[in-house]
Amino acid sequence: MFRADGRRVIMKNDLRKAFELMKFGICVNKGINIGALVLFTVVGLVGETFYLATGFTMNYGFDIFAFLLLAALSFPTQFMVTTDVSHIVQTSSYKKKIQTKMFAEVSLITSLAALTFLVSIRTIAGVVHPDLAAKLWNDIPIAGIMTMMVLIFTVIMYKYFWIAMVVLYVLMMGIGGRAGYLSVVNGPQTGLFANVPVIGNVAIAYAFVFLGVGIAYLISLALYKRPFSKAAFGAVMSKYVS
């Protein structure tokens, strides 16, 4: 019990320090990607809320609004990771911690927040629009899978940008394409999670998030010593990356 309480205190302190350190990062200092974070988040939130009003659902795969919201997950970790470029952090004991443990902790919090919103929207929309409930609820595990993809992509992207792009494309086409095919050809009742009750779909989605955070953490431990990829930061930020 005391050990668990101690871990929670450490994680809480790490998260507070992570957000404090973000102000030293290139993104926050130079105002880079702040607008993109706001745009992705607002469009994603507004787009997703249309489910409640209209019951609108795409006939294949996952919708663009959910993807934008999940893509926004990469920005807080980007803000934090770019602190490693600053001379203040490069000479501190936080250099490794930022790219590994803190990265995983911030990713976990932002992922759970985004997924909880997506799950809530689809669960409530399925009750409001029972004729579309099967499709809406079958999409819930896909939200978890998409979150896992974003987490894995993000941690690889900072070191090997083009490899990460290939990995994301393969995962998107393999999993998303298959889900889309089943939905279009056979309908929502024949999908991978068609026979799973809604509470099971929710549990599966959260399990994928924790799996994604765990995999991303292990990858970060293997890659944190590698130099940053200039391509990952774009033309504006690449001049700050050595």
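**Stop 1: A surface patch**

Select Ile34, Val38, Val42, Val46 and Phe50, which together form a nonpolar surface patch of about 420 Å² of accessible area. Patch members have over 30% relative accessible area and no salt bridge (a Lys or Arg side-chain nitrogen within 4 Å of an Asp or Glu carboxyl oxygen), and nonpolar side chains (Val, Leu, Ile, Met, Phe, Trp, Tyr) are joined within 5 Å. Areas follow the Shrake-Rupley method with a 1.4 Å probe, and only the protein chains shown count as cover for residues.

The model is predicted: local features need pLDDT of at least 70 and side-chain atom pairs pLDDT 80 or more, while totals for chains, interfaces and linings use all residues. Residues are numbered from 1 along each chain as its sequence is written, and side-chain values use heavy atoms, without hydrogens and water.

Now select valine 42, in helix H3 (residues 34–54); helices are DSSP runs (H or I) of at least four residues, numbered from the N terminus.

**Stop 2: Buried positions**

Next, select isoleucine 121 in helix H8 (residues 101–128). Isoleucine 121 is buried, with a relative accessible area of 5%.

Then select helix H10 (residues 140–157). Of its 18 residues, 18 are buried.

Definitions and conventions: Patches are made of residues with over 30% relative accessible area and no salt bridge: like charges are joined within 9 Å, nonpolar side chains (Val, Leu, Ile, Met, Phe, Trp, Tyr) within 5 Å. Helices (H or I, at least four residues) and strands (E, at least two) are DSSP runs, numbered from the N terminus. The expected span of a helix is 1.5 Å times one less than its number of residues. Buried means under 20% relative accessible area, exposed over 50%, partly exposed in between (1.4 Å probe, protein chains only).
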